[in-house]
Amino acid sequence: MSNIETTYKKDIAACLDTDANRIFLYWKGRVALYALLKTMGVGKDDEVILPAFTCVVVANAIIYLGAKPIYVDIDLQTYNARFENIKKAVTPKTKVIICQNTFGLSSDIDKITTFAKEQNIFTIEDCTHGFGGYYNQKPNGTYCDAAFYSTQWNKPFSTGTGGVALVNNDNLPEILQIVNQELINPSLKQKISLKFLYFVREKLLNEHTYWLLVKLYRFLSRHNLVLGSSSGEEINSIEMPPNYFMKLSDIQIKKGIKNLRSLPETLVARKENAHIYTEYLMNRNKNYVPFSLFENHSFLKYPLLVKNKEEVFRVAEKHQIALGEWFCSPIHPVQKDFELWKLDTVLYPNADYASKHIVNLPTEIKDMNKVLNFLDKIEQNVL
């Protein structure tokens, strides 16, 4: 292990109040999930429970191992799967329960983990939105047998692409180390592409170029012409892409060490802005995140339900507001052929409704008046 990798693991461990030897690094967060599932012995005919309001790459990591994703509906206040729904979905084939932290909010983790231990079922926290946040005063990711985090673009802190696994179950680290022997190294082309994307984001991306560059990036990544959050194969197929099981590079590690330093300040700003959003929306009798959830919420994004998403995005682009679109489908960003991923959207009405009506307000923005003026313009469109 290189000195820089050791430093990065120690920095991450300090944020999570754990030991550095429980931290493992990967090219992407989904790769960390795949490694954890494999370590837990997930294979053919096993079932893995997850919310029907997630990213397709989570379902893919399950399917790549020959297992079956078992979806459960969500609660429209937390956007997480409720404990009662998870409990009903358990069968003798259930191997793992994935507890998702959505937009920075964890919920029912203590109930789920207690129940899972009684049933001899593994639990994994999906903390791709939640690094740096807390659930009942413990760091997100420290309740379950293991957790995975994403450090891709627009995550709590970024390395461009990147993933982290945290292992809390003492029986798993040794097995995971054996699994990780199959990891491959990133290619020179991938490293160069990543450096180019760093340059574009740091030097060329601003409020005037945002929409043009985001549209271009999404088009190029879908066609595998640049490194993207999801390749074309991951959106259109259930076959594992080539070179999927990959290590984190030193380029990403250096970026992670740098960006972790500003995370505490960023977390404070996100919650302060979320407070402003809730007060604004509450005073206008619109949907909002209640203050009762704030203690366990780190607000990577602020969720908002609207009547017409397309119109809201059109107005946002006109006024240069960078809205997020998590999740535009129950298995974002897939829009068709849901049966490939063993999903029938009719069975999960809350998740289906949310995906058709949700937008994500930015929480790191410095000019909140600009966003509030935008909300004034779309007020009739807000549910």
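Buried means under 20% relative accessible area, exposed over 50%, and partly exposed in between, with a 1.4 Å probe and protein chains only. The views show a predicted model, in which local features need pLDDT of at least 70 and side-chain atom pairs count only at pLDDT 80 or more, while totals for chains, interfaces and linings use all residues. Residues are numbered from 1 along each chain as its sequence is written, and side-chain values use heavy atoms, with hydrogens and water left out.

**View A. Salt bridge between Arg22 and Asp170**. A salt bridge is a side-chain nitrogen of Lys or Arg within 4 Å of a carboxyl oxygen of Asp or Glu. The whole structure holds eight salt bridges. In the one between Arg22 and Asp170, the N to O distance is 2.4 Å. The two residues are 148 residues apart and link distant parts of the chain: Arg22 sits in the loop between helix 1 (3-16) and strand 1 (23-26), Asp170 in the loop between strand 10 (163-167) and helix 6 (173-179). Helices (H or I, at least four residues) and strands (E, at least two) are DSSP runs, numbered from the N terminus. Arg22 counts as buried because its relative accessibility is 18%, whereas Asp170, at 58%, counts as exposed.

**View B. Salt bridges Arg82 to Glu84** **and Arg314 to Glu311**. The side chains of Arg82 and Glu84 meet at 3.8 Å, N to O. Arg82 is partly exposed at 40% relative accessibility, and Glu84 is partly exposed at 36%. For Arg314 and Glu311 the closest N and O atoms are 2.7 Å apart. Both residues belong to helix 12 (residues 309-318) and lie three residues apart, about one turn of the helix. Arg314 has a relative accessibility of 46%, so it counts as partly exposed; Glu311, with 30%, is partly exposed.

**View C. Strand 2 between its pairing partners, strand 4** **and strand 5**. Two strands pair if DSSP finds at least two bridges between them. Strand 2 (residues 47-51) runs parallel to strand 4 (residues 68-72), and five bridges join them; Leu50 stands opposite Tyr71. With strand 5 (residues 94-100) the pairing is also in the parallel sense, over three bridges, and Val48 has Val96 as its bridge partner. Five of the five residues of strand 2 are buried: Glu47, Ile49 and Pro51 on one side, Val48 and Leu50 on the other.

View D. The expected span of a helix is 1.5 Å times one less than its number of residues. For the 14 residues of helix 1 this gives 20 Å, which agrees with the 20 Å between its end C-alpha atoms. Tyr8, Lys9, Ile12, Ala13 and Leu16 of helix 1 are buried. Asp17, which follows helix 1, has a positive phi near 55 degrees.

**View E. Ser249 and its contacts**. Ser249 lies in the loop between helix 9 (232-236) and helix 10 (250-260). Ser249 is buried, with a relative accessible area of 5%. Contact means heavy atoms within 4.5 Å. Leaving aside residues up to four places away in sequence, Ser249 touches Trp27, Pro186 and Lys191.
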